[in-house]
Amino acid sequence: MKLLFVLTSHDKLGDTGEKTGFWIEEFAAPYYYLADKGAQITIASPKGGQPPIDPSSDKPENQTEATKRFHNDEVLKERLSKTLQLSEVNEKDYDAVFYPGGHGPLWDLTNDQNSIDLLQSFYENNKPTGLVCHAPAALKNVKTTNGEYLVKGKKVTGFTNSEEADVELTDVVPFLVEDMLKEKGGTYSKADDWQSYTVQDGNLITGQNPASSEEVAERIFNLLKN
């Protein structure tokens with residue numbers, strides 16, 4: 001079982017002067033869930049090398065068992081510092097793909113052509129394609145070979161407008177994930193803010209927020225083992 005994890009390389013939170021990146025829990029929880037089941041995981045990012053960690057995800061109140069394990073895992077931290085460039089990876093080498101969130105993807109993965117091509121390729125080759133929290137932003141410009149947006153008519157979820165308002169970044173982000181998914185024709189649904197909620201439509205799996213990340217990984221694993 002070979003999986004590709006795709007992380008953001010973007011570290012600027014709009015014009016605030018603050019930093020962003022990927023959300024540790026959304027990387028660590030799925031990573032350990034799948035790795036503990038024997039998956040071989042390759043990590044990539046648009047620029048390669050060390051992807052930026054969202055400082056907010058490192059605050060004490062956002063720690064989970066998975067993030068604590070990550071902080072003590074020197075081997076994984078070393079691997080994370082040497083991510084492959086997205087331009088170097090090929091869908092044919094993997095059985096599934098997973099995109100952790102954090103606000104970074106709103107800026108780079110949305111428009112990264114290598115990411116767009118990869119998502120189209122994984123999806124159209126019927127391989128599990130999972131994205132959680134802000135990572136569904138990476139689907140914004142992905143189309144299928146028939147020219148329609150990939151999310152059109154698909155059941156999807158992602159970070160809600162009210163969750164974005166709760167973290168007071170509605171006016172900072174380039175767009176709202178919930179609104180974008182609806183605008184592109186997705187059949188969007190959500191649970192209460194900050195509750196685990198995932199949606200599966202064929203091989204496309206999306207999660208609403210950080211609490212949903214391990215469940216997305218579980219759905220990927222269930223598709224792969226069948």
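Trainee: Is Glu 215 buried, exposed or partly exposed?
Mentor: Buried means under 20% relative accessible area, exposed over 50%, and partly exposed in between (1.4 Å probe, protein chains only). Glu 215 has a relative accessible area of 27%. Glu 215 is therefore partly exposed.

Trainee: At what pLDDT do side-chain atom pairs count?
Mentor: Residues are numbered from 1 along each chain as its sequence is written, and side-chain values use heavy atoms, with hydrogens and water left out. The model is predicted, so local features need pLDDT of at least 70, totals for chains, interfaces and linings use all residues, and side-chain atom pairs count only at pLDDT 80 or more.

Trainee: Which residue forms a salt bridge with Glu 215?
Mentor: A salt bridge needs a side-chain nitrogen of Lys or Arg within 4 Å of a carboxyl oxygen of Asp or Glu. Here the closest N and O atoms are 3.9 Å apart. Both residues lie in helix H7 (residues 213-225), 4 residues apart, about one turn of the helix. The partner is Arg 219.

Trainee: In which helix do Lys 77 and Glu 74 lie?
Mentor: Lys 77 and Glu 74 form a salt bridge, with the closest N and O atoms 3.2 Å apart. Lys 77 is partly exposed at 26%, while Glu 74 counts as exposed at 53%. They sit 3 residues apart, about one turn of the helix, in H3 (residues 74-80).

Trainee: How many residues apart are Lys 127 and Glu 91?
Mentor: Their side chains meet in a salt bridge, N to O at 2.6 Å. The pair links distant parts of the chain: Lys 127 is in the loop between H4 (113-124) and E5 (129-132), Glu 91 in the loop between E3 (84-85) and E4 (96-99). Lys 127 counts as buried at 15%, and Glu 91 counts as buried at 6%.

Trainee: With which side chain does the side chain of Glu 164 make a polar contact?
Mentor: Glu 164 is in helix H5 (residues 161-166). At 2.7 Å, the partner is His 103.

Trainee: And which side chain is in polar contact with that of Asp 166?
Mentor: Asp 166 is also placed in H5. The contact is at 2.8 Å, and the partner is Trp 194.

Trainee: How many residues of H1 are buried?
Mentor: H1 (residues 24-35) has 12 residues and reaches 16 Å from its first C-alpha to its last. The buried ones include Glu 25, Phe 27 and Tyr 32. H1 is mostly covered, and its buried count is 11.

Trainee: What is the radius of gyration of the protein?
Mentor: The radius is taken over C-alpha atoms, and the globule rule is 2.2 Å times the number of residues to the power 0.38. With 226 residues, a compact globule would be near 17 Å, which agrees with the protein's 16 Å.

Key:
Helix = DSSP H or I, 4+ residues; strand = E, 2+ residues; numbered from the N terminus. Polar contact = N/O pair within 3.5 Å; in protein donor to acceptor, adjacent residues only side chain to side chain. Expected span 1.5 Å × (residues − 1).
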